[in-house]
Amino acid sequence: MQKENILTINGLTKQYPGTLALSDVSININKGEIIGLVGENGAGKSTLLKLIMGLEQPTKGDMQIYGKKYNPKTPLEANKNGIGMVFQEQSLIQNLSVSENIFFGREDSYSKFGFVNKNKMNKDAEEVLSQVNVSGIKTSKKVFNYDFATRQMIEIAKVFYVSQREDEKNSIILLDEPTSVLSEDEVKLLFKNIKKFVAKGDSVIFVSHRLDEVLEISDRIYVFKDGQNVCELNKENANENILYEKMVGKTASGEYYKLNRQVTPSKKELMKIEKLGLKGYFNDISFSLHEGEVIGICGVIGSGKEELCEVICGDKIPTSGTIKIHGEEKVSKEPYQSLRNGILSIPKERREEAIIPDNTISENISMSNYSKIKLNGFISKKKEDEQAQTFMEELNIKAPSIFQKVSNLSGGNAQKVVFARILASDAPILLLNHPTRGVDIGAKEEIYSLIRDLSEQNKGIIVIGDTLDESIGLSSKILVMKDGTLTHEFDAPSDNKPEQLDIVKYMM
Amino acid sequence: MSNNKRNLKGVKTLFTKINKNDISTILTVVSLILIVIIFTSINPRFLSLYNIKNILLDCAPLLLMTIGVSCVLFLGSIDLSNGAVASCSAVMLTIMLPKFGAVSFVYVFFYGAIAGLINGVLHTKLKVPSFIATLCTQSIWQSIALLIAGGQPLSMTPDVWPLLKWGKFSIGPIPFMFIISIIFMGIFAVIQFKTPTGRTFLAIGCNERAARLIGLKISFSKITAFTLSGIGAGVAGIFFAVKLKSGIPTVGEQYNLMSIAAAVLSGVLLTGGKGNILLTFVGVALITAIQNGMNVIAVDGFWQKIVFGLIVVVAIYINSDRKNFKLIVK
């Protein structure tokens, strides 16, 4: 049965100065379909979404919606045509209420003599939320009261609402990495909502790095590579290996986490954490980290694992307990003091927390350890550039030169710059908070082998994995946290990894 | 030989830096040339050797204040007090010289540094937004200057004139004061490009959260930037006093706006994260040329202030990154 076609994209091309982001891409979206878009970072998925949303203008090619020419100049125009997008970065305004956010820019229908009827607005907002099956949200409350995952649901509800067409024809929702911050339950809820949504005849474009999710939800999958649409697969014909092969151009290696290189940690203790606590987040956490050891911390969102990391790296001050390094108690009130004690972290939000976007690759790499590039007490540009050049080759950072601004790099390459900085810092204790977040599969593998390199160099590593699988694969010891306490400790030698299910039992 | 090569490379990197800097710097250079042509055509004496020397002499204090305030602007913060600090240091020098002799210069230098340090501490430790903190200290130093001067200009007594002689020295048309200010610019540039603290200025302005987690010393760098601004203002105050042989308690007043204007014209972003100490010279030259030119063609002093106000607004408009709606709130 041929379904009704909603959106047709014909030979779309986008040329940025220096890079061809999208080249001659043609896809079509039918009524009631869920389309998965997969590809490595920089493969052109985000660019395509931006063009569809009118955030960027194509260099060549055209789009048609319901057979009519569609050339949006602004996201508002896209909304009017029934296309809405949930952005990777949230676009809700934190200090407005939930209902004000949902009806942002549409207050006219609620205003009388210039005053907004908030009661009616709150009621209607509840209606909008219930349509996507989200409950337990008070629409008069400010958005910052809710955690990230809930905000994501609010945002999705909002987008569902704003992209209704006037002629009541079906609309298309673009979801750009909607699950990266959601817990498993929330992902399930989201998928349930998406299915409900498409049952009404609307369509969804779903972009994610998690192939299993894409496979689970999509009816059809388009694979992108280097700005081109390399293949189109029906759900029945796709599996993770095929997708991986098409994306990367090589088959997935069974040695994904480089288990053969997992180091048995030495007996030498690097750091000892004793009864560490941060009021309201976690308490009474004790463990020790040895040379060459990789400790994975698992837990759901809100279990306190993120805050534990923030305390260890000096971003937050603990309310109780001590951190001992080489047996000596160290107090740190600022991240730079922790760095002096030998602890450095890769924070979760790369763009906001780990790079200086306007600085060059070279400058970013040297930032955590200037003493390495000093000559006669002053920074030597020559030494700095040499160092950057070495790391660029070693880590295979893809950029025109070391003088490129980091803001121009793709997620994977920016993350490699962050790793280069960590390597240059010579810090013996590393906290890796979601080290492969928003990074494509090729770069992920490189990062895994880097982590192995680091543990071979006798560094102590604490990792919070992007997925449970990743935490298990990388770690030699796993700590499970729940509601701010340590619930269990697993040994995870390379030949005897614990099962996901066993770990999840202690998380929930 | 190798030394020569290194110097050549230094010049080269300077040029690549200029090339990378965008439109505002180029526009400033173009306007500087235009301004010179216009003023010269109105009054040919504008380009006379005597007037060039005058312009360079006027440049000196403004350059000092501009390189100082630029360090603060790099952070995305602002220093509104540097004019008042300059006035106060001019008055202090006038009062101190007869009592303490040449060592007064050192005292006043440290006064400037401490005034800057206070701004930095207020901003970082007490978390007062720099805009408010420096607005308050501006008011305080201005009042102190007026109080200790008794509300009127103080003149230097003839017995200390020998200590002021150096202000008149010059090598050809290049005044000694100008050379000193260029040396300060060199030192500030070394701090910006060659020390971790200076590197941190721009990093903070660009992404303070990341700079902190990277392990850079945020508070220390901020305090240093404010201190440098204070030093620039303090030395500028010395220049004012030496040049005029008197301590005028309002002498630095208009220089606050002028120094910010010069910095912005040279490509310093008010939201922080972008700028180059060496390029601020271009902005300073343009501002001084406009001011001097208006004097040469006899424009009323009150009109001059209107012109500078307009210049700042226009320069910020040209300079601002309109894709990025950062506001100055730091």
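Biologist: How many bridges join strand 13 of chain A to strand 16 (residues 320-325) of chain A?

Modeller: This is a predicted model, in which local features need pLDDT of at least 70 and side-chain atom pairs count only at pLDDT 80 or more, while totals for chains, interfaces and linings use all residues. Residues are numbered from 1 along each chain as its sequence is written, chains are lettered from A and ligands numbered from 1 in the order in which they are written, and side-chain values use heavy atoms, without hydrogens and water. Strands here are DSSP runs (E, at least two residues; helices are H or I, at least four), numbered from the N terminus, and two of them pair if DSSP finds at least two bridges between them. Strand 13 and strand 16 of chain A run antiparallel, with A:Gly277 opposite A:Ser320, and the number of bridges that join them is five.

Biologist: Which residue takes a positive phi in the hairpin of strand 13 and strand 14 of chain A?

Modeller: Strand 13 (residues 269-278) and strand 14 (residues 282-290) of chain A run antiparallel and are joined by six bridges, A:Leu278 having A:Phe282 as its bridge partner. Three residues lie between the strands, and the one with a positive phi, near 90°, is A:Gly280.

Biologist: Which are the edge strands of the open sheet of six strands in chain A?

Modeller: The sheet has mixed pairing and the order 18-21-22-15-23-24, with a twist that averages 20° from one strand to the next. Strand 18 runs parallel to strand 21 (residues 429-433) of chain A through four bridges, and A:Ile343 stands opposite A:Ile429 there. Two strands of chain A pair on one side only, and these edge strands are strand 18 (343-346) and strand 24 (485-491).

Biologist: What is the area buried between chain A and chain B?

Modeller: Contact (heavy atoms within 4.5 Å) links 32 residues of chain A with 20 residues of chain B. Buried area is the accessible area (1.4 Å probe) that two parts lose on being put together, summed over both. A:Tyr336, A:Ile356 and A:Ile379 supply 22% of what chain A buries against chain B, more than any other three residues. Carbon and sulfur atoms give 57% of the total, which is about 2300 Å².

Biologist: Which residue of chain B meets A:Glu384 in a salt bridge?

Modeller: A salt bridge is a side-chain nitrogen of Lys or Arg within 4 Å of a carboxyl oxygen of Asp or Glu, and this rule finds five across the interface of chain A and chain B. In one of them, at 2.8 Å from N to O, the side chain of A:Glu384 meets that of B:Arg199.

Note on methods: Axes fitted to C-alpha atoms, helices over the stretch in contact; angles between N-to-C directions.
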